[in-house]
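This report takes the fold one region at a time. Please keep the model open while reading.

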Amino acid sequence: MRPDILNPLFAEITALKGVGPGLAKPLDRLGLRRVVDLAFHLPTGWVDRVARDELMAADAGRIISITLTPREIRSGNGRSPTRVQAADAHGNIVSLVYFGGHPGWAKKLLPIGEPRRVSGRLDQYGQELQIVHPDLAEPDEEFRGREPIYPLSEGLTSRRLAALAAQAVGRAPDLPEWIEPSLKAQRDWPGWREALTRIHDDPADAKARERLAYDEVLASQLAMALVRADTRKRRGRALEGDGRLRDLLRLPYQLTGAQARTIGEIAGDMAQPSPMLRLLQGDVGAGKTLVATLALLIAVEAGAQGALLAPTEILARQHYETLRKTLSGLPVEVAILTGRDKGRAREATLMAVADGSVDILIGTHAIFQEAVRYRDLGLVVVDEQHRFGVAQRMMLQDKGKSPHLLAMTATPIPRTLTLANHGEMDVSRLDEMPPGRQPIETRVVADERLDEVVAALGRHVEGGGQAYWVCPLVEESETSDLAAAEARAAALGSRFPGKVGLVHGRMKPAEKDAVMEAFSAGTLSVLVATTVIEVGVDVPNATLIVIEHADRFGLAQLHQLRGRVGRGGGRSVCLLLRGSALSETSRARLALMRESNDGFRIAEEDLRLRGGGDLLGTRQSGEVGFRLATPEMIADLIACAHDDARLLIDRDGGLASPRGQAARVLLYLFERDAGVAMLRSG
């Protein structure tokens, strides 16, 4: 239950004075549905106004605030603007210019002979001074010297939003302090409510902004520390394999040092009675699937069952085929269950899982539905970790007797962000490539050489090769992306009849799977796609990928897409087509892609170049994102917040202590309470 002290902040936005259904709509477009959303809708910039009592040409280009008296209104006709001639106290004249409004509107706003306080940018237009669309107030009403600028939607002005934000902040209660006192003093941070007030008054207040960002990061780290502590407290079971199944495996190559180290870490975790909670990060092609297979075999050797959860049906089927091939000849029963399985086949699988004759079950989230009962689930492996939130991870652990959990991701994540999004997990990194894996040759090509690229694709296809062609991100719109992909598929289809397939985000899963399977089987030579080519899709014969308008993609995404090739023995090539007008950032991205195949280096660089934006390039599924803390702030504050959260749990008595009670309020304030089982009891 949310503490009562927070109720004024979590009221509907219509509880604020002056907010009816009409105003609630533009606020809703900004995601502002409750008072707290408005309080946390921080200004992104500000306008400094210079107070003047006399108009001066020297102020041209500045934003000024001055008392003026309207003298004459010259109405516009059609396209020409309405001009209001107004004078200052010394008789100097300025034109107040309004475009597109009805002339009667200007008369109402600026009655002749009645002074008004006017604020806006003073410009020199020919021989006269003018202010376009000024802000207005009564003569005795001062404009603030520094006025905050807020992110807006149609139907809202910054001043209106500032007035509503002031109301929201006014409802904020005084809350007990949750930051460790010495840290607060060392950083010279204000109290929580003071910081909130200060940032809306003065958006340049760095200490207030940093304090609020820290609160948000601390809430996130504390939630993860509680999950971790709760997991450690749960009684799972120790699973120690005797090696009999792993000894029967006939691997075509030696394990890399990183694989051997990681398997040692996993085996050590699984041998403990408290459940493992480990994140396995591995670059594209580093051999995560083999590590997961060995972990599943440890569980089976110890008499338990294993489950492997994939985010999509096509990846689930791919894992199923890979495991069956790897484990052929071993006395291990592997089964698959997806949403597509129906009727008798599904019933037979469910019965075999329940009676224990299935050792390893692979599938989509269908394997964790209510109907699926395991005889003895000991290990859950989650592939493509970033698609599943903390809450989902905990739900998986409720199946069986708190099974061990191994989460995997092929998205190399910068260290700071690993802490930000997976702070409750131990982390293993596969930072070595298996022997014989060739680096992908990456070239940057100007898009005016498109004809040459298509000709090269023709030679590649004639030689029996397969290729991906990724279409550009046109804008933040699926429709436009889809149109670009359809046009490219049509153009290539006329060049290579019957050889070109298309996949995009709007297709039904079964349709998408059918095209992907035709490509995997070699029936299609070219797969045109928007960015939905699934992470991990494995077609060894595809050794060429063309990415159109590569300058519009983030580095991490380019690296993921490039990883679709280079999965067989031969040389693979990635062609990055670029536009002619490149920004410095785009230039730096493409240069790094050309020179490096190291996903971890690319991820760190991507964070540095990108700054703001979505942390993992994918929304955290089922988890609240960061609203107040920018990625730069997270990078700066995360280690400190991580240590502070651990300190609170391990030394300061957890949520039961006085600081813990304050921290509990913090968790609810930032809505990090979901999925933290300890909150329900503590």
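Six strands form an open sheet in the order 17-22-21-18-20-19, with parallel pairing. Two strands count as paired if DSSP finds at least two bridges between them. Strand 17 (441-446) and strand 19 (500-503) are the edges, each pairing on one side only. Neighbouring strands in this sheet are turned against each other by 20 degrees on average, direction ignored. Strands here are DSSP runs of E with at least two residues, helices are runs of H or I with at least four residues, and both are numbered from the N terminus.

This is a predicted model: local features need pLDDT of at least 70, side-chain atom pairs count only at pLDDT 80 or more, and totals for chains, interfaces and linings use all residues. Residues are numbered from 1 along each chain as its sequence is written, and side-chain values use heavy atoms, with hydrogens and water left out.

Inside the sheet, strand 21 (542-547) and strand 22 (573-578) pair in the parallel sense over four bridges. V546 has L575 in strand 22 as its bridge partner. Two helices lie across this sheet. Helix 15 (450-462) lies across strand 17, strand 18 (466-470), strand 20 (526-529), strand 21 and strand 22. Helix 15 runs at about 150 degrees to strand 18. Helix 17 (509-520) lies across strand 18, strand 19, strand 20 and strand 21, at about 145 degrees to strand 19. Axes are lines fitted to C-alpha atoms, for helices over the stretch in contact, and angles run from 0 to 180 degrees between N-to-C directions. Contact means heavy atoms within 4.5 Å.

Buried means under 20% relative accessible area, exposed means over 50%, and partly exposed lies in between (1.4 Å probe, protein chains only). Q305, A307 and L309 point one way from strand 11, while G306 and L308 point the other way. Strand 11 has parallel partners. With strand 14 (377-382), strand 11 pairs over five bridges, and Q305 stands opposite L377. With strand 13 (360-363), strand 11 pairs over four bridges, and L308 stands opposite I362.

The loop between strand 13 and strand 14 holds T364. Is T364 buried or exposed? T364 counts as buried because its relative accessibility is 7%. Leaving aside residues up to four places away in sequence, T364 touches L309, A310, T312, E313, A316, L337, T338 and G339.

The arc is that of the directions from the helix axis to the C-beta atoms. Just after helix 12, G356 takes a positive phi of about 90 degrees.

Helix 19 can be read the same way. S586, R589, L590, L592 and M593 are buried in helix 19. They cover an arc of only 160 degrees around the axis, which puts them on the same side of helix 19. E584 and E595 are exposed on the other side.

The table sets out the spans of both helices, where the expected span is 1.5 Å times one less than the number of residues.

| Helix | Length | First to last C-alpha | Expected span |
|---|---|---|---|
| Helix 12 (343-355) | 13 residues | 19 Å | 18 Å |
| Helix 19 (584-595) | 12 residues | 17 Å | 16 Å |

Strand 7 (128-132) pairs with strand 5 (93-98) in the parallel sense over three bridges. There, V97 is bridged to V132. Strand 6 (116-125) and strand 7 pair in the antiparallel sense over four bridges, with I131 as the bridge partner of L122. Strand 6 and strand 7 form a hairpin with two residues between them. In that turn, G126 has a positive phi of about 65 degrees.

Finally, the whole protein. The secondary structure comes to 23 helices and 22 strands. Of the 682 residues, 55% are buried. Among contacts with a separation of 6 or more, 73% join residues 24 or more positions apart. The accessible surface is about 29500 Å², and 50% of it belongs to carbon and sulfur atoms. Accessible areas come from the Shrake-Rupley method with a 1.4 Å probe, and for residues only the protein chains shown count as cover.
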